[in-house]
Structures are given as C-alpha cells and as structure tokens.
Amino acid sequence: MKKIVPFLLILSIWMIGCSDDDNTGNFIGIWIATSETISNCQEEARNGTDPLTCTDVSCYKLELNSDNTYSFQRGLAIESGNWSGGSSLELCMDEEGEIICERFGVQFSGISLIFTTDSTTSGCISTFFFNPEVATDTIQ
C-alpha cells in the first residue's frame, strides 16, 4: 500500500498537467494560404491541387487574434467575426443578424497550419495549407 500512494500521487499530478490537445494558442497570428487541394468531388474535373499566392488582388489571408476575433481575406472580400479552437477551428460571423459558423479540421505540420473542410452538396474535401506571415511567440 505504501508503494501505491506515491505512484497515485505522481499519476494525479501528471494528469492535471496534461491538456486535451487544445492548440488555441498556436492558432494566434497571421496565416497566408500557400496551396489548396480539392479531392473526393463528385465531378472528377474539380479534383486537384492549386498553388496560392498572395498579391494585392488575390489572397487567402487569415488573422486570428488573441481576443478570439478573426479576419479572413479571400481575394478582395474580407469577412470578420469570432473564432474558437481546440482540436478543430470554428469561424463564426454575423451575417445580417444571423450567426453563420464553419468548422474546420485543423492540424499542424512543422510551422504550417492545415485546414480541412468538406461540402455536403458536392462531396468535395478542401484542404488549405497556411504558413505564418509573421512569427509570434505562440506559433510553434
């Protein structure tokens, strides 16, 4: 019994220190899309990978702020709202009094942030690869 008590104490301290894969702090920063891969489409012609560049008139740029607000530039259009994260990322915006949210699967690969979303109508799975525009203390 004396040997079990220290083990249980160490185990409980270790478990308190563990997180539930909350990557929220890692999301904060400005992210520029470098490519998009579309797969699983009902129309095979839509499948493929496109490199993306950020110019004055064409950009996929996502800014996630520490106060849980975001802005997303897609071409010349910019949307903004609130975000929440964890093992996925949810972007919500107010569109004429109605809150519209979109959830993305998210993972990190090195310094890249990879978003995945699927369309229930077309069956397409879109995967966006983002790299940080500006390094911050929270980007690993």
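**Entry 1: the pocket lining**

I looked up which strands supply the lining of the largest pocket, and found that β3, β4 (69-74), β6, β7, β8 and β9 each give at least two residues to it. I noted that strands here, like helices, are DSSP runs numbered from the N terminus, with at least two residues (E) for a strand and at least four (H or I) for a helix. The model is predicted, so I kept in mind that local features need pLDDT of at least 70 and side-chain atom pairs count only at pLDDT 80 or more, while totals for chains, interfaces and linings use all residues. I also wrote down that residues are numbered from 1 along each chain as its sequence is written, and that side-chain values use heavy atoms, with hydrogens and water left out.

The largest share of this lining, 4 residues, comes from β7. In total 21 residues line the largest pocket, and R74, E102, F104, T117 and F128 lie nearest its centre. I sorted the lining into 13 nonpolar, 3 polar and 5 charged residues, where Ala, Val, Leu, Ile, Met, Phe, Trp, Tyr, Cys and Pro count as nonpolar, Asp, Glu, Lys and Arg as charged, and the others, Gly among them, as polar.

For the volume of the largest pocket I found about 430 Å³. A pocket is an open set of points on a 1 Å grid over the protein atoms alone, where a 1.4 Å probe fits and protein lies on both sides within 12 Å along at least five of seven lines; lining residues have an atom within 4 Å of a point. The volume is the space filled by probe spheres set on the points, which are joined across faces, edges and corners.

**Entry 2: β6 and its partners**

Strand β5 (residues 77-85) runs antiparallel to β6 and is joined to it by 4 bridges; two strands pair if DSSP finds at least two bridges between them. A hairpin of 2 residues connects β5 to β6.

On the other pairing, β6 and β7 are antiparallel over 8 bridges, and their hairpin has 2 residues between the strands, with E96 in the turn at a positive phi of about 55°. I followed L91 of β6 in both directions: W83 stands opposite L91, and L91 stands opposite E102 in β7.

**Entry 3: salt bridges**

How many salt bridges are there? I counted 3, taking a side-chain nitrogen of Lys or Arg within 4 Å of a carboxyl oxygen of Asp or Glu as the rule.

E90 and R103 meet in one of them, at 3.3 Å from N to O; this pair links distant parts of the chain, with E90 in strand β6 (residues 88-95) and R103 in strand β7 (residues 98-109), 13 residues apart.

K61 bridges to E133, with the closest N and O atoms 3.7 Å apart. This pair also links distant parts of the chain, as K61 sits in strand β3 (residues 60-64) and E133 in strand β9 (residues 125-134), 72 residues apart. K61 is partly exposed at 26% relative accessibility, and E133 is partly exposed at 40%.

R74 and E79 form a salt bridge at 3.9 Å, N to O. I found R74 partly exposed at 43% and E79 partly exposed at 23%.

Definitions and conventions
Buried < 20%, exposed > 50% of the residue type's maximum accessible area, 1.4 Å probe, protein only.
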